[in-house]
Amino acid sequence: MNKINSASHTLWGRLSAWVEGDPLPREKKAAAPAPSAPREKKPPVKKMRRFIAFYRVMAVVFCVVIIGVLMATVNALPLFGRADNPASNEVVQRYVESGLEETGAVNIVAGMILDYRAFDTFGESSVLFLAVTSVMILLLRDKNNTDREEDLRTARELIVENKSEDVILQRIAVILVPCILLYGIYVILNGHLSPGGGFSGGAIAGAGLILYASSFGMIRLHRFFSQKTFTAVTTSCLLVYACSKGYSFFTGANHLPTGIPLGTPGAILSSGLILPLDICVGLIVTCTMYGFYAMFTKGEI
Amino acid sequence: MTILEYILLGFLLVCAVAANLSKNLLNAVLIYMSYSVIMSIIWMLLQSPDLAITEAAVGAGVTSVLFFLTLKKVHQLRGTRDE
């Protein structure tokens, strides 16, 4: 408390105290509240009732108006799949006609999001990274935001968790988790050949990790996946993505000369940079999904 | 095919309204999960399998898990109420 008082005179001290969640020291004592007037004997029942009725009516009116606006907008949209829609212009034509030979990806969606529009996908990955970072800022437990009581409670919860193992869940997880992880890896690696790609495959693999962690506890998962691995994998994947795509962005749509050829469409080693980028996005998404789960349950990865 | 689509869209509407009206939060999350599953089938019928996979994995899987964890954190599941 003494430290806070000494630090509170500078702006920086106040700011750091606010960031760390310490209550701001009140320097000026608030003036004593004026003695309140004696309460009315009857609470204003009639007024309250009128307000509640007004509130309900307004809620209904508000909902109806919003639904009407949305419906009118949907009604004004062009019909789905018509040839003369504004969406089907020369860009789509270019993608469909020469996407295969320019990107080498059989799955044209992957060719679009990881080759033509790869910088957009970089933004999406950064959004995920930022989201998990902010969740970590809010929920990560360390010595600054826990006290003895909370530590004791977590230890007690851990003991209960270790004692009451769910046999059915564990038996099923033993069978399911390898399949889910393998399927996720398959979807990531075949992103340029079949439906799927980095994001969906990463979400599947992350769900597998979550199932493993929730059935066997996180301590077992720590053998191969700790916070250090999490940080290293996410940041390095994001950096690889940023470097390889920033290069082609700043040099005017030149691809990084990686030596990976476009290859024959349909082979797994084809379509240039799309496969490594898919792997990067997949790893980021896997780590993010598991990171959300770990933060929400324990507050530590 | 169109009959199946109309049935699925009807289910979608029912799920959307029921998730709002359900008083039990756990039920609301489960209804929301089924909404995501129906939505992924509809994506499949609209010939966008990429979106279908993502919707099934994220919407029905990870989001629901996060909702369950949040409900557990705020002690709204049975068995976690008295602490």
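Reader: In what order do the elements of chain A run from the N terminus on?

Author: First, the general idea. Helices (H or I, at least four residues) and strands (E, at least two) are DSSP runs, numbered from the N terminus. Here the elements of chain A run α-α-α-α-α-α-α-α-α-α-α-α. That comes to 12 helices and 0 strands.

Reader: What kind of model is this, and how are residues and chains labelled?

Author: This is a predicted model: local features need pLDDT of at least 70, side-chain atom pairs count only at pLDDT 80 or more, and totals for chains, interfaces and linings use all residues. Residues are numbered from 1 along each chain as its sequence is written, while chains are lettered from A and ligands numbered from 1 in the order in which they are written.

Reader: What are the mean pLDDT values of the chains?

Author: pLDDT is the predictor's confidence in each residue, from 0 to 100. Chain A averages 81, and 86% of its residues score at least 70. Chain B has a mean of 87, with 93% of residues at 70 or more. Among the elements of chain A, helix α1 (residues 2–7) has the lowest mean, 50. Helix α3 (residues 45–76) of chain A has the highest, 93. For the complex, the predictor gives an ipTM of 0.84 and a pTM of 0.76.

Reader: How do I read a helix span, say that of α6 in chain A?

Author: Compare the span with an expected one: 1.5 Å times one less than the number of residues. Helix α6(A), residues 118–139, has 22 residues. From first C-alpha to last, α6(A) reaches 32 Å, close to the expected 32 Å.

Reader: Which residues of α6(A) are buried?

Author: A residue is buried if 20 or more other C-beta atoms lie within 10 Å of its own, exposed if 12 or fewer, and partly exposed in between; C-beta atoms are placed from the backbone. In α6(A), the buried ones include Ala118(A), Phe122(A) and Leu128(A). Seen down the axis, the buried residues of α6(A) fall within an arc of 120° (taken from the directions from the helix axis to the C-beta atoms), so they line one face. On the other side, Gly123(A), Val127(A) and Leu130(A) are among the exposed residues.

Reader: What covers the buried residues of α6(A)?

Author: Think in contacts: two residues are in contact if their C-beta atoms, placed from the backbone, lie within 7 Å. The cover of α6(A) includes α5 (108–116), α11 (227–250) and α12 (274–297) of chain A.

Reader: Which residues does Ala207(A) contact, leaving aside neighbours within four places in sequence?

Author: Ala207(A) is in contact with Ile180(A), Met289(A), Ala57(B), Gly61(B) and Val62(B).

Reader: How many residues does each chain bring to the contact?

Author: Chain B brings 13 residues and chain A brings 17.
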